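Here's a quick tour for anyone opening this one up for the first time. Have the sequence and the 3D view handy as you read.

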Amino acid sequence: MARGIPARVPGTVSGALRDALGEDRVAAVLASDGPDTVWDYRTRVTTAGGRHRFVSTGVATVAQLLVADRVVHESHSAFAPWDVIVELPSGPCEIALRILPTASVSVPRKPRARWLSPLVSDRSLRWRRTPLIGSIDWPGALPVLGPWGGLRAVPLPSSADDAAPHPSLELVPRALRTRVGEDGSGVVTVQLGGVAGTTPDLGADTAGSEGAAAELADVGCSAGPDVPVARGAVVEDARDTVRITVEPPHGTDAEPVTAERVVTASDATAHGTFTVDVTVPDPALWWPHGMGEQPLYRVRVRTGQGECTYTVGFRSVCAEPRDRDHHGLALRIIDIPVFARGAVWAGADPFEVAADPQRTRDVLERLRAGGSTMIRLPGTACYETEDFHRACDELGLMVWQDVALGPQDPPDDPEWRAGLSHEVRHLAARLASHPSTVVISGGTEVIQAPVLAGRPAEQWRTDVILRDVPRAVGETGADVVVVPSSPCSDADLDAAQHAYETGETAGERAASSSVPAAAPTDAADGVSHYFGVGAYGRPLEDAVTRGVRFAAEALAFAVPPEPAAVREQFGTDGPLDDADSADAWRAGVAHDPGAEWTFEDTTAIYVHRLFLDRDSDPDAGLATPAQPVSDGAWTGHAERLEYERAALAHVFQRTFAQWRSGDSPCRGALVLSALSTAAGPGWGVLDASGRPTAAWYGMRRVCAPVAVSFLPAGGDGLPVHVWNDGPTPLTTTLRLTVATVRGGCQQPLDIPVTVPARGETVVRADLADGTFRDLDHAYGFGEREYDAVSAQLVDPSGRVLARDVHLTGGPRRNDPLDPGLDAQWIRAEQGEWVVAVTASGLARFVALDLPRGAVAEDGYVHVLPGETVRVPVSGTLTDEGRAATRVRALGVPSVPVNAESG
């Protein structure tokens, strides 16, 4: 280490340590840091000298930029953008970025926080603008240190020729935003400022007029006294020519739109900036995944300082009006209601905030394949890179961006608040060009924390999140919905919207003696963090009876990886059965600091409820009451994990089906979380390496753009819900097949259905043949006759668009028989591999056990007697990998997948 190690920029210390030393040594090296540890990023460049503009999205956290061993900039915020003009000497020059201990900068001790957070023990962190993630005791959480936002040095043109008729304004783009006008036209607004003393537009690709930018590291703030820094002033007759070209999406017939304007000093706003609008007639509109296409335009902005390019889209977003009868947050995109579903982002790489762009895209694509349409970036994390936001634009994934504020009391200090407002303005301006960014929130649990700490109602809210943050976002003109904090109440949403629109605080707060009408934690009001199903062990129906409107966090469980991942990470199928692997397994279990229980206990609650306990099945309908089974029934940890996977696949599918139903008030639900941050059972629907888990499969089945799902209604029958997010009606066939307890299936019944565009159709399976059949044994008269019902959506060519199976009376079976599983590899028409699974009896929770590099695109499905279910497989597959693949079903031994015949 004394000689240094290679480091990527953008990147962080933990990522560099992982790349150089391996994953196992990172935590130990960081834990050995003393209070005086300093990390240096160094590089040598050779330039022709002259003015260079150093820009960065952010550096964590206390950092200095040194040129030729002289400090030229210093910053105490991980989130403030850096922009500095420095005269570089000609020839070789060393540039260093120095990361100092966060505690090396003192913060005020008073006023003291009005309440404390159990998540964050360091009270000084409420003053420090640094990611909280490394200070919270979560599995795999690492401190963020270094140039996560990169560092770019752009050579600038030499000073203007004295013989020129007019001095130059030296304009560069500071921000770009789009909107859809009332007449349907698209408007691109470019904000420009003088190159000296501006804050850069960090979302642009920049090419200076004197050559390509040098990639270094992101840095920034006040200039030091030892190095010359260019400073500009607006001369009265100064001017600049701005040329903006908007190029249409590929594959369209539209022509580019070009505007050229001479900007003079008299055009400056009160803030010294300049604005140029370009109108795009009848633009192609950007839609979330499944609802339409994601056409993106390229915008080129050329000034005397060079050219910047952007990729933008056109869409509108708003929150539906709230009144006495309509509560909570509900989003509309281009005036169409959306049901947002997805996950809370935990990064694409547990070791690196600035993850490899391809890895980031792979994780986002996997989430989208699982039915996600929204990703939330929480306030406890670091902001994301442009690679992330561009990928979301292209993939149609809406982004909910929290300001980096966590469950702490924001200081009511004028200087601190001014710094935060500055940060938020530049964050909102950076994201305003991205059509994927639809919500900006004031942070995570900033309102909830004092509520749960038992503080009086007048301390629940602060002007920082009710006024400062929304006003700063509004000042940028970003077309987003503002949320003061997640969670919050309707009144909080209204106050934030008022500040966004007017910059003012909405009315007077209620007197301290008044009784609050609602708590900011209520599920049906405002925005909620819903863990009724999950951490609090409520029955699945609680997701409906609580009236969840928009859950920005939900369904927190310890989710075990698939068997192949467990073997790879721990060397065994059952880590708790082996002393050498048990401690490593427990280290990765999802938990909250200070809690006496873990989320593995939460998962166990639902395993018991679904498979073990008498009379606690939420789908109870068996003719013979379920037999209680003790924990001793497990033959080992590997078998217990199979029941956990089955339970989670069922819980995630059923809960999202309830929320997606048109009868539900729910308009959004984001699971905690997207990716586990350590090996083992984390919160993620994807494991730490990005592979799907059982939760992902359950979510995928019901969250796909076109989906079908049973939603049992007890005595009101067995409805089948069919969803179509697409922009045109879906005409298809709903094929219902009923399996009986005698081991066979009745003749399939085909029902023509037309699902409206972006709509839902419901068919009563129990009435589909014109008679009533108690398919779920809800009434319990006599012996149970039916064992399962399958629903398939079949298009005119015979292709299955979606499939679901309901197990009569719930997923548990007393003394299940061997289903006679069989499986075979098949090469499909396009060359992809498929596993065809058949069974002679009912097979529950069927899934593939695949080698590393291969991924099953469906899993934890139920196979009816005599039915063949085709499971697509993607990724890398060798002959050896196919030979090693096995197919599993709950409660029975796995069987090998036979080789392709012929």
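Is Trp 659 buried or exposed? Trp 659 is buried, since its relative accessible area is 0%; buried means under 20% relative accessible area, exposed means over 50%, and partly exposed is in between (1.4 Å probe, protein chains only).

Before going further, some ground rules. This is a predicted model, where local features need pLDDT of at least 70 and side-chain atom pairs count only at pLDDT 80 or more, while totals for chains, interfaces and linings use all residues. Residues are numbered from 1 along each chain as its sequence is written, and side-chain values use heavy atoms, with hydrogens and water left out.

**Aromatic pairs**

- Searching the whole structure turns up 19 aromatic pairs. Rings of Phe, Tyr and Trp (its six-membered ring) pair if their centres lie within 6.5 Å; planes under 30 degrees apart count as stacked, over 60 as edge-to-face and the rest as tilted.
- One of them is the tilted pair of Trp 345 and Phe 388, with 5.0 Å from centre to centre and 50° between the planes.
- Trp 345 sits in the loop between strand S21 (340-344) and helix H3 (357-369), and Phe 388 sits in helix H4 (residues 386-395), so this pair ties together parts that are 43 residues apart in sequence. Helices (H or I, at least four residues) and strands (E, at least two) are DSSP runs, numbered from the N terminus.
- Trp 345 and Phe 388 are both buried.
- Phe 656 and Trp 659 make an edge-to-face pair, because their ring centres are 5.6 Å apart and their planes are at 85°.
- Phe 656 and Trp 659 are three residues apart in helix H13 (residues 637-660), so about one helical turn separates them.
- Phe 656 is buried, with a relative accessible area of 0%.
- There's also a cluster: ring pairs link Trp 138, Trp 597, Phe 599 and Trp 683.

**Helices that pack together**

- Helix H1 (residues 13-21) packs against helix H2 (residues 23-31) at an angle of about 135°, and their axes are 8 Å apart. Axes are lines fitted to C-alpha atoms, for helices over the stretch in contact, and angles run from 0 to 180 degrees between N-to-C directions.
- That angle makes H1 oblique to H2 (under 35 degrees counts as roughly parallel, over 145 as roughly antiparallel, 65 to 115 as roughly perpendicular and the rest as oblique).
- H1 passes H2 in a right-handed crossing. A crossing is right-handed if the near helix is turned clockwise from the far one by less than a right angle, and left-handed if anticlockwise.
- On the H1 side, Val 13, Ser 14, Leu 17, Arg 18 and Leu 21 make the contact, and on the H2 side it's Glu 23, Arg 25, Val 26, Val 29 and Leu 30. Contact means heavy atoms within 4.5 Å.
- The residues in the contact of H1 with H2 split into six nonpolar, one polar and three charged. Ala, Val, Leu, Ile, Met, Phe, Trp, Tyr, Cys and Pro count as nonpolar, Asp, Glu, Lys and Arg as charged, and the others, Gly among them, as polar.
- H3 and H4 cross at roughly 35°, and their axes come within 10 Å.
- The crossing of H3 and H4 is right-handed.
- Pro 357, Thr 360, Arg 361, Leu 364, Glu 365 and Arg 368 of H3 meet Asp 387, Phe 388, Ala 391, Cys 392, Glu 394 and Leu 395 of H4.
- The contact of H3 with H4 has six nonpolar, one polar and five charged residues.

**Two residues to look up**

- Leu 734 is in strand S31 (residues 730-740), and Leu 734 counts as buried at 0% relative accessibility.
- Leaving out residues up to four places away in sequence, Leu 734 touches several others, including Val 708, Val 720, Leu 749 and Leu 793.
- Ser 901 lies in the segment after strand S43 (892-896), and Ser 901 is exposed, with a relative accessible area of 56%.

- Ser 486 and Pro 487 are joined by a cis peptide bond, with omega about 5°; Pro 487 is in the loop between strand S25 (481-483) and helix H8 (490-502).
- Leu 672 and Ser 673 are joined by a cis peptide bond, with omega about 10°.
- Glu 170 isn't a glycine, yet it has a positive phi of about 55°.
- Arg 758, found in the loop between strand S32 (749-755) and strand S33 (759-764), has a positive phi near 50° and counts as partly exposed at 28% relative accessibility.
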